Amino acid sequence: MPVDFHLSQKEADVHTGAAAFAQNVLKPTRAAYVGLQGNQEKFQATRGAYGAAVTGGLIKGQLAPAIGGTGGSFIETAILVEEFYRVEPSTSLTIFSTGLGLTPLNLTQKPEHREFLAPFLSSEGTPLASLVFSEPGGVANYLEKGAPGLNTTAKRDGDEWVINGEKKWATNSAGWDNRGADLACVVCRDISDSSENSDSNPEAKIMIILVTRADLERNGDKSFQVLHQSAMPGHVATAPGPHIKYSNVRVPAKNILCHPGEAAAVVSRSFDTTAVLVGAMSVGLMRAAFDAALAFAKRDNRRGKVPLLERQAVADLLSSVKMQTEACRALTWKAAHAMEHGPGDYSARRELALAAKVYCSDAAVKAVTDVINAVGITAYDVEQPFAELLNDAVALPIFDGGNVGIRRRHLQQLMLSPDYDPWAATYGPSTGGTE
């Protein structure tokens, strides 16, 4: 297929529709919550916009057609994410975090789990889903032999599984009312076999169990608790930081999405998917920063004879940000296309997804910092968008698998593989060595 960056008619329609939703729904939502106090109050103020996203098919559109959804191409999703994040990152994160929460079901596509998807296929209400993975103290080394591993455990008891443990930083996991998400994919460690030893493979114990609101309600009020809500400087109207606790939550065996030994790969692939989307989030923030700085540089002269844009130093900073934004979008789109179509095996495709996450999120922080330097002290005024953009941008390298603790290590592991083929995702499998 020839390299072509012209949008198809469907992609153009997605872009137009996303831009309209961002301006008509997301932008007014931000205006409504910006004067409220506290993350939780602001989060509640976004529920109407989230409901509009549900009604508009944006939740159903994150599910694969094979399981009843209306999801399109990965490129289309990247276009959507960029347009939303350019205008209102907080509500956008809530919407796409439900997509992350549903990703394990997209990957497994087991017919017996279709019943769990009903709230997200109906295009009604405000159902939230969450991939409940991260824990207090982090999860970067949870598969290391001899290490404690996940603190959240599951134990077989007859025809039920009993879940205990604490989680943190799982977006949407507390739900709208701090009583749990409508559907949680809880990543936990099987402790049914008491003979486990330090030489055993931790991956063989990892599983994913589906927990619904109905499950939590059946188990009683004390089965699920929100221990703490972290206050955050960015993404102020979303709920990515709840510290939650499961206490003797009993669920039927049918709720097992991934049996012990199956889940670690599904978790990894779920975050490979969102790695690309963090690239798109980064591009959205970079666009917003560039557009705001460009407008400022055209109208302001800092008491000089000419607009700031005619000053070489300012123009150099802005042109660099513009180039970085274009480069990040190209990498994100390439990664999105490769994840679905190749070339190369899954490892080659995954490398591009990881690169999009790491490179673009790091670039977003630098881009916002550069435009702040171009604007000067005026950028420090909260009436300007730059401080908020920076607070949102600094989260990108450290959430969804931190670049240092997780994502760059994954890139290292790929390069260390004896079968590593560095350019396979561009030119296809090589026929010779890598010398």
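Modeller: Lys42 sits in helix α2 (residues 39-45); helices are DSSP runs of H or I, at least four residues, numbered from the N terminus. The model is predicted: local features need pLDDT of at least 70, side-chain atom pairs count only at pLDDT 80 or more, and totals for chains, interfaces and linings use all residues. Residues are numbered from 1 along each chain as its sequence is written, and side-chain values use heavy atoms, without hydrogens or water.

Colleague: Is Lys42 buried or exposed?

Modeller: Buried means under 20% relative accessible area, exposed over 50%, and partly exposed in between (1.4 Å probe, protein chains only). Lys42 has 14% relative accessibility, so Lys42 counts as buried.

Colleague: Which residues is Lys42 in contact with, leaving aside its neighbours within four places in sequence?

Modeller: Contact means heavy atoms within 4.5 Å. With those neighbours left aside, the residues are Tyr33, Val34, Leu36, Val236 and Ala237.

Colleague: How far apart are the end C-alpha atoms of helix α10 (residues 346-375)?

Modeller: The expected span is 1.5 Å times one less than the number of residues. For the 30 residues of α10 that should be 44 Å, which agrees with the distance between the end C-alpha atoms, 43 Å.

Colleague: Which residue follows α10?

Modeller: The residue after α10 has a positive phi, near 90 degrees. That residue is Gly376.

Conventions:
Helix = DSSP H or I, 4+ residues; strand = E, 2+ residues; numbered from the N terminus.
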